[in-house]
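Biologist: Could you take me through how this chain is divided and how its parts meet?

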Amino acid sequence: MDTDERVELATRNTAEVVTEEELRELFEDDDPSVYIGYAPTGEMHIGHFTTIRKLADFLHAGMDVTVLIADLHAHLDDAKSPFDLLAARSAYYEETIRAMVEAAGADPEQITFVRGRDFELDSEYTLELLRMTAETTIARAQRAASEVVRESDSPNLGGLVYPLMQTLDVDALDADVAYGGIDQRGIYMLSREILPEHGGEAPTCVFAPLLSGLTGGKMSASEESSKVSLTDDPDSVAEKIGDAYCPMGEVEGNGVLEYVRYLVFPILEERDEAFVVERPEEYGGNLTYDSYGDLEDDFVSEELHPQDLKNAAGEYIADIVDPIRERLESQPDLLAEAYPEKYD
RNA sequence: CCGCCCUUAGCUCAGACUGGUAGAGCAGUCGACUGUAGAUCGACUUGUCCCCCGUUCAAAUCGGGGAGGGCGGACCA
């Protein structure tokens, strides 16, 4: 695979790359390393899935992929995860991520999994962190983390240390590329700015788009109807997609279309399958799409009606999510121990 | 260590001074209209009023105690 192809693979379906020139150089030099961190807080959902799906692209592009289970971050961010549950939630996240990687058609064994506390408590790391706290203003740290850390009238210190630790993680994990949702942009721009002053190198950044909520607006992790959960059975998936905000011909803020674009098509492509819309004869009969672009064109021209799109999308999404749900159901302790208040 | 403020529906809060077993907005649910959803109409639902004790015929409301959260002061050899 030549550099152009590798760069194309690594950058497709992203919200932003900082910078593509840097990425190209990395590919020309060697096999770059990339990492993404997940703080094990609430239950994982389809939004996580799209970022994880992309790990398959990185692997195919020959990159070294590391997934950080950022356990300490999960507590630092307004104690989103109680300290006592960090281990259980980390175990649940790792297993679920492995299942998603597999569902995306890649091999989880090719990915290195790391826990935050495995290295974030090392004395060198801690020492550098303390230096950073002395050299970073509260306002700067707050601004960097504002899209990630929970907002509050009386913020805790943890939320300020959070972006600094994430910056040090890049270096500790020896990552050339920092990958994450576009909400992480503020933090990694801080990293690019200060990491060189603290013994590291400015990371190249790849950002995934954040999916719109199914009810319109931003996806809310706490609002069930705004997202598909990994524990949703096919009926629930169909119902949520059916109830989704999906104006005819409109692409902007259309969660259904985004799911199809960022999750369904890449996976179908991996399986070498086409996207088939079953449509009643009275509306023109079935439609087949080999690429998302063709589907979007038909949707914009209103050749493809939202109801027909929803029917098809619901089935494909349910089909993709199903093996993950089954895997979680086969290990009930995972969820029960991670979220005891919900699954007693 | 001291003082002050806050805690009421899923969320933001009103009600407390002048006791009579609770309200608004948003959210949610259900219909109508659309070949989806949304928007728009129409209808509807929602509560250990933080906990305990006391006063009272009657306590979200008054008194005492406690818990959690916030703010400030004091101490600074």
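Modeller: Chain A is assigned two domains, domain 1 (3-208) and domain 2 (224-338); such bounds come from an automatic or database domain assignment. This is a predicted model, in which local features need pLDDT of at least 70, side-chain atom pairs count only at pLDDT 80 or more, and totals for chains, interfaces and linings use all residues. Residues are numbered from 1 along each chain as its sequence is written, chains are lettered from A in the order in which they are written, and side-chain values use heavy atoms, without hydrogens and water.

Biologist: How far apart are the C-alpha centres of domain 1 and domain 2?

Modeller: These centres are 28 Å apart. Domain 1 brings 24 residues to the contact and domain 2 brings 23 residues, where contact means heavy atoms within 4.5 Å.

Biologist: What area do domain 1 and domain 2 bury between them?

Modeller: About 2,200 Å², with 66% of it on carbon and sulfur atoms. Buried area is the accessible area (1.4 Å probe) that two parts lose on being put together, summed over both.

Biologist: Switching to charges, how many salt bridges cross the interface?

Modeller: The rule finds three between domain 1 and domain 2, each needing a side-chain nitrogen of Lys or Arg within 4 Å of a carboxyl oxygen of Asp or Glu. R327 and E102 also form a salt bridge through their side chains, at 3.4 Å from N to O.
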